[in-house]
Amino acid sequence: MKTTKILALAGGFLAIGLWTACSAPKEETTEETMVEVVEETPAPSNTVVDIAIGSQDHTTLVAAVQAAGLVETLSGDGPFTVFAPTNAAFAALPAGTVEGLLKPESKDALTGILTYHVVAGNVMSGDLSDGQVVTTVNGQTLTVSIKDGKVMIGGATVVAADLAGSNGVVHVIDSVLLPK
């Protein structure tokens, strides 16, 4: 009889427990997921043109590159090695030369001069040797000379070297190179 009462009592608790579990409102759990959206921005450009644009000493060169329509070309994949004359180098040309070259009717002559300052490839100053002849983009050649640690290209002295860009390198020179 004792066992019957215990079983009955246990059965009652079991029934109450089942009834409570089945009739209780179900709790819904929601999980919030945070998704961080990161916009990928391209790395800032640093082409040989950008190097010239960023230099206060090359405003005349930048104007000439723009007038010749070479910005897009020199901003391309390259690689390019640019021997970049300073503003003072352009100012040393005979009076009126720069102004005349910047006129639309002089675009071909200007393009010829500017492409005479560009060599295909990524030529660092350590790659240059005395007596080396390099072919410019306009098809003519320039000769490198190195004396007493000074590097010269076609008679112009390199005053700052190895300004590396994403599509080549710029070497600053102290005079404008004129094709033959």
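On a 1 Å grid over the protein atoms alone, a pocket is an open set of points with protein on both sides within 12 Å along at least five of seven lines, and its lining residues have an atom within 4 Å of a point. Its volume is the space filled by probe spheres set on the points, which are joined across faces, edges and corners.

The model is predicted: local features need pLDDT of at least 70, side-chain atom pairs count only at pLDDT 80 or more, and totals for chains, interfaces and linings use all residues. Residues are numbered from 1 along each chain as its sequence is written, and side-chain values use heavy atoms, with hydrogens and water left out.

**Overall build**

The chain has seven helices and seven strands. These are DSSP runs numbered from the N terminus: helices are H or I with at least four residues, strands are E with at least two. Along the sequence the pattern reads α-α-α-α-β-α-α-α-β-β-β-β-β-β. Of the 180 residues, 32% count as buried, meaning under 20% relative accessible area with a 1.4 Å probe, protein chains only. Contact means heavy atoms within 4.5 Å. Among contacts between residues at least 6 apart in sequence, 61% join residues at least 24 apart.

**The sheet**

Seven strands form an open sheet with mixed pairing, in the order E2-E1-E7-E6-E5-E4-E3. Strands E2 (118-120) and E3 (133-135) stand at the edges with a single partner strand each, so one side of each has no neighbour in the sheet. Neighbouring strands are turned by 30° against each other on average, direction ignored. The angle is taken between axes, which are lines fitted to C-alpha atoms. Two strands pair if DSSP finds at least two bridges between them.

| Strand pair | Bridges | Residues opposite each other |
|---|---|---|
| E3 and E4 (residues 141-147) | three | Valine 134 and leucine 142 |
| E6 and E7 (residues 168-173) | five | Alanine 164 and valine 169 |

E5 and E6 form a hairpin with two residues between them, and glycine 154 in the turn has a positive phi of about 55°. E6 and E7 also form a hairpin, again with two residues between them.

**Helix H3 and its cover**

Helix H3 (residues 59-67) has Thr60, Leu61, Val62, Ala64 and Val65 buried. An α-helix has 3.6 residues a turn, so residues three or four places apart point the same way. The cover over the buried residues of H3 includes helices H2 (48-53), H4 (71-74), H5 (87-91), H6 (97-101) and H7 (107-115), and strand E1 (80-85). Glycine 69 follows H3 and has a positive phi, near 75°.

**The largest pocket**

What is the volume of the largest pocket? It is about 220 Å³. Of the 23 residues that line this pocket, the closest to its centre are Val48, Ala52, Leu61, Val65 and Val82. H2, H3, H4 and E1 each supply at least two lining residues. H2 gives the most, with five residues.

**Threonine 47**

Threonine 47 lies in the loop between helix H1 (2-23) and H2. Why does threonine 47 count as buried? Because its relative accessibility is 6%. Neighbours within four places in sequence aside, threonine 47 is in contact with Leu74, Ser75, Ser166 and Asn167.

Conventions:
Buried < 20%, exposed > 50% of the residue type's maximum accessible area, 1.4 Å probe, protein only. Axes fitted to C-alpha atoms, helices over the stretch in contact; angles between N-to-C directions. 1 Å grid on protein atoms, 1.4 Å probe; cavity = no way out; pocket = protein on both sides within 12 Å on 5 of 7 lines; lining within 4 Å.
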